[in-house]
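Dear colleague,

Please find below the structure that I am handing over to you. My notes on what was found in it follow directly after.

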Amino acid sequence: MKTGPFILALLLGLLWTAPAWAVNPDEMLADPVLEKRAREISKGLRCLVCQNQSIDDSDADLAKDLRIIVRNRLKAGDSDGAVVDYVVARYGDFVLLKPPFKGTTLVLWLGPAVIGGLGLWAMIAFLRRHSGQGGGQGGGAQAAIAKAASRPRPPPLTDDEKKKLRKLLKEDGP
Amino acid sequence: MSKRAIYLVPLSVFLVMAVYFAIGLTKDPKIIPSALIDKLIPEFSLPPIDNGTPQGYGKGFSSADFKAGGISVVNVFASWCLPCRAEHPFITKLSKMNVAKVYGLNFKDTPKNALKWLQELGDPYDAIGADPRGRVGIDWGVYGIPETFVVDGTGKIYFKYVGPLNGDILENQILPVIEKLKR
């Protein structure tokens with residue numbers, strides 16, 4: 001069996017496929033400017049049935065209804081903000097895929113920065129302490145040498161001490 | 001802060017986060033807090049279900065009905081909604097208790113199917129309004145039926161339950177809310 005024509009047929013078949021859009025052609029507005037605004041607004045609104053899809057992506061019934069409502073409001077002359085407010089009034093902030101910046105969401109927005117800042121502060125404090133003092137527990141060989149060099153030199157050994165030392169070393173020997 | 005105490009910081013941060021996550025895990029992400037709690041019901045007017053006669057079936061209802069005083073329960077249902085079938089006996093039970101007016105919002109249904117459903121299971125509602133295109137449902141913030149709202153005498157939405165009612169939810173959530181509003 002020759003596979004050539006078969007593969008060619010398969011490849012040609014690909015020409016007939018098209019991406020599956022959630023937005024149906026009959027929903028689209030005739031005015032391309034309004035339609036573009038509608039698409040942008042839809043991308044920011046959550047489909048409450050599928051939750052992590054926008055209504056622009058979702059095939060759910062409710063998403064379709066909301067897309068139509070968005071378009072109807074735009075046709076009625078609403079601004080983008082007014083359209084979003086209209087939907088938020090019914091479904092709450094949860095419909096916004098990007099949560100708004102306000103009192104109740106401060107922790108959400110600023111929390112990561114605060115925690116990151118604290119971490120950075122702790123890290124800098126840690127590094128400062130360990131490199132500034134030198135040595136410590138495991139400050140590295142270089143730090144140990146630096147520390148030893150900076151220490152005041154002890155007075156030289158007296159003759160008595162030298163004798164004692166020699167005796168001790170001898171005792172230790174074989 | 002003493003030097004020892006600083007080593008407890010990661011542990012305490014972990015514990016606080018663990019508590020938050022533990023609470024978060026017990027919550028059902030499908031249940032979305034209603035934006036309409038403590039707000040007035042939307043302005044609407046729903047016709048009865050079209051049964052071929054001029055007066056229709058189920059009387060219909062509108063926002064004006066809720067402002068006359070008295071507690072109301074609005075149950076959003078449809079014949080195509082399987083959990084609605086499961087909760088139907090509990091809506092009937094609630095209706096028979098006569099503690100609140102029970103309204104049925106027939107959501108995105110065809111008159112034929114809705115009438116058949118009511119004939120088969122019984123009609124527990126004081127009034128039914130048909131919302132075939134779901135526009136009024138959206139004004140009520142409906143996103144997954146069945147949904148049940150408790151509205152106080154001034155037309156303010158006091159409580160919302162998403163999902164089918166059962167004996168436990170009726171006893172422990174819906175009825176206490178109605179009791180509280182009565183006082």
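N98(B) is located in the loop between α3 and β4 (101-107) of chain B. This is a predicted model, and in it the phi of N98(B) is near 55 degrees, a positive value in a residue other than glycine. N98(B) is exposed, its relative accessible area being 65%.

K59(B) also deserves a check of its backbone. Its phi is positive, at about 70 degrees, although K59(B) is not a glycine. K59(B) belongs to the loop between β1 and β2 of chain B. With a relative accessible area of 66%, K59(B) is exposed.

A further backbone feature of chain B concerns a proline. The peptide bond that runs from I145(B) to P146(B) is cis, and its omega is near 5 degrees. P146(B) is found in the loop between α5 and β6 of chain B.

The aromatic residues come next. Over all chains, the count comes to 11 aromatic pairs. One of them joins F44(B) and F61(B) in an edge-to-face arrangement, with 5.7 Å centre to centre and 90 degrees between the planes. This pair links distant parts of the chain, 17 residues apart: F44(B) is in the loop between α2 (9-26) and β1 (45-46) of chain B, while F61(B) is in strand β2 (residues 61-62) of chain B. F44(B) and F61(B) are both buried.

F44(B) also pairs with W140(B). The ring centres of F44(B) and W140(B) are 5.7 Å apart and the planes stand at 70 degrees, so this pair is edge-to-face. Because F44(B) lies in the loop between α2 and β1 of chain B and W140(B) in the loop between α5 (135-139) and β6 (147-151) of chain B, the pair ties together parts that are 96 residues apart in sequence. W140(B) is buried, as is F44(B). Taken together, F44(B), F61(B), F66(B), Y103(B), W140(B) and F149(B) form one aromatic cluster.

The axes of helix α3 (residues 82-97) and helix α4 (residues 111-121) of chain B come within 11 Å and cross at roughly 40 degrees. The crossing in which α3(B) passes α4(B) is right-handed. On the α3(B) side, C84(B), R85(B) and H88(B) meet W117(B), E120(B) and L121(B) of α4(B).

Turning to chain A, there are 7 helices and 0 strands, and along the sequence the pattern reads α-α-α-α-α-α-α. Chain A has 174 residues, of which 25% count as buried. Among its contacts between residues at least 6 apart in sequence, 49% join residues at least 24 apart.

Within chain A, the axes of helix α2 (residues 32-43) and helix α3 (residues 61-75) come within 10 Å and cross at roughly 135 degrees. The helices α2(A) and α3(A) are therefore oblique to each other. The crossing of α2(A) past α3(A) is right-handed. From α2(A), the contact is made by L34(A), E35(A), R37(A), A38(A), R39(A), I41(A) and S42(A), and from α3(A) by R67(A), V70(A), R71(A), L74(A) and K75(A).

Two arginines of chain A are placed over aromatic rings. R46(A) has its charged end over the ring of F94(A), 4.2 Å from the ring centre. R90(A), in turn, lies over the face of Y86(A), at 3.8 Å from the ring centre.

With kind regards

Conventions
Residues are numbered from 1 along each chain as its sequence is written. Chains are lettered from A and ligands numbered from 1 in the order in which they are written. This is a predicted model: local features need pLDDT of at least 70, side-chain atom pairs count only at pLDDT 80 or more; totals for chains, interfaces and linings use all residues. Side-chain values use heavy atoms; hydrogens and water are left out. Rings of Phe, Tyr and Trp (its six-membered ring) pair if their centres lie within 6.5 Å; planes under 30 degrees apart count as stacked, over 60 as edge-to-face and the rest as tilted. Helices (H or I, at least four residues) and strands (E, at least two) are DSSP runs, numbered from the N terminus. Buried means under 20% relative accessible area, exposed over 50%, partly exposed in between (1.4 Å probe, protein chains only). A charge sits over a ring if NZ of Lys or CZ of Arg is within 6 Å of the ring centre and within 35 degrees of the ring normal. Axes are lines fitted to C-alpha atoms, for helices over the stretch in contact, and angles run from 0 to 180 degrees between N-to-C directions. Angles under 35 degrees count as roughly parallel, over 145 as roughly antiparallel, 65 to 115 as roughly perpendicular and the rest as oblique. A crossing is left-handed if the near helix is turned anticlockwise from the far one by less than a right angle, and right-handed if clockwise. Contact means heavy atoms within 4.5 Å.
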